[in-house]
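Biologist: Before we begin, could you take me through this model one question at a time, giving the meaning of each term as it comes up?

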Amino acid sequence: MAVLEISDLVAEWDPTTGERRPVLRSEAVAALREAGDERAARIVERIPVLGDVLDPAAVDRLLIRVHTELQRLNEEVRMAQRFAELLVPILAAVRAAGIRPRVVDVGCGLGFLVRSLASSGVLGRDVELVGVDFNRALVAEANRLAQAEQLPCTFVCGDAFALTEDAAVYLSCGVLHHIPAGALPEFFRAQDRAGAQAFVHYDIAATRLAPFGAWLFHRARMREPLGRHDGVASARRAHSDAVLRSAAARAAGMEIFLFEATRYLNPLCAAMRPVVGLRPHLTGEVLRALGRRAGALAPAG
């Protein structure tokens, strides 16, 4: 039976125009009940409506609250620092090749990752940081926060499958499990474009512990019922290593690596792990710069 996330059902945008589409509450509730998820159906039934259409303003406020709580979780598991460990050597190799260090976060939400990297300056002041998301409300809030925090980064609306933002390095955090396995190859292929030198995509590891760990973590740290529900659903939807390897291989011009936890590693510390793509001319330099940490990046081929 399909595992659905509420956040994927309550807001829709036209992929061509980017305009918002009305979402019927009855249809979202029916989809969740068909998937056998009565609890999720009851959560959607509590969202205000205009007629039978979910109130877009109420949905936006709800999603911003959930993403704000999610930002706190990302801070606790130090996601920005994890990205920086990989991005610093990648961007050093990019600069050495004479390429502008522009980084684009795909599916950025409230822009936690981009704003954190911009705030710390860990990547260098010459790095241009951009966040892209399909949800206009989240993009607007990300820009508001960046301006309030006086950070050198920007956020724009865009489609992960038809990127218009050029980048030396593409990123994402917790996005891959939202994409069906059948569409995942196209996500990676969309980033194998002229000028792109690498990608780093962190997502939930598909382990037996993942759903329990997600339940425990979200139960303890999140208050929004939608966030608690989707956090566990995300872990249940995580793609296997085989699916990620096969999909990432569609970026044919990249060498693909997948983080593999050792048996000595605390599994909770490996709950989020990256799939990495590198242009072949960068690979040697990046792996040398990573040193012992490169040992956990297993070639996908």
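Biologist: How many salt bridges does a search of the whole structure find?

Modeller: This is a predicted model, in which local features need pLDDT of at least 70 and side-chain atom pairs count only at pLDDT 80 or more, while totals for chains, interfaces and linings use all residues. Residues are numbered from 1 along each chain as its sequence is written, and side-chain values use heavy atoms, with hydrogens and water left out. A salt bridge is a side-chain nitrogen of Lys or Arg within 4 Å of a carboxyl oxygen of Asp or Glu. With that rule, the number of salt bridges found in the whole structure is 21.

Biologist: E5 takes part in a salt bridge, but how many residues apart in sequence are the parts that the pair ties together?

Modeller: The partner of E5 is R237, and the closest N and O atoms are 2.9 Å apart. Helices (DSSP runs of H or I, at least four residues) and strands (runs of E, at least two) are numbered from the N terminus. E5 lies in the segment before α1 and R237 in helix α10 (residues 225-237), so the parts tied together are apart in sequence by 232 residues.

Biologist: Are E5 and R237 buried or exposed?

Modeller: The terms rest on relative accessible area, found with a 1.4 Å probe and protein chains only: under 20% is buried, over 50% is exposed, and in between is partly exposed. By this scale E5 and R237 are both buried.

Biologist: Which residue meets E76 in a salt bridge?

Modeller: E76 is in helix α4, and its partner is in helix α9, 145 residues apart. The N to O distance is 2.6 Å, and the partner is R221.

Biologist: Where in the chain is D126, which meets R95 in a salt bridge?

Modeller: The side chains of D126 and R95 come together at 2.7 Å, N to O. R95 is in helix α5, 31 residues apart from D126, whose place is the loop between α6 and β6.

Biologist: Which residues form one aromatic cluster?

Modeller: Rings of Phe, Tyr and Trp (its six-membered ring) pair if their centres lie within 6.5 Å, and the pair counts as stacked if the planes are under 30 degrees apart, as edge-to-face if over 60, and as tilted for the rest. The whole structure holds five aromatic pairs; in one of them the rings of F161 and F187 have centres 6.2 Å apart and planes at 70°, so this pair is edge-to-face. In another, the rings of F188 and F199 have centres 5.3 Å apart and planes at 50°, so that pair is tilted. One aromatic cluster takes in F161, F187, F188 and F199.

Biologist: Which backbone oxygen does the side chain of H218 reach?

Modeller: H218 sits in helix α9 (residues 210-221) and is buried, with a relative accessible area of 11%. A polar contact is a pair of N or O atoms within 3.5 Å; within protein, one must be able to donate a hydrogen and the other to accept it, and residues adjacent in sequence count only if both atoms are side-chain atoms. At 2.8 Å, the side chain of H218 reaches the backbone oxygen of A214.
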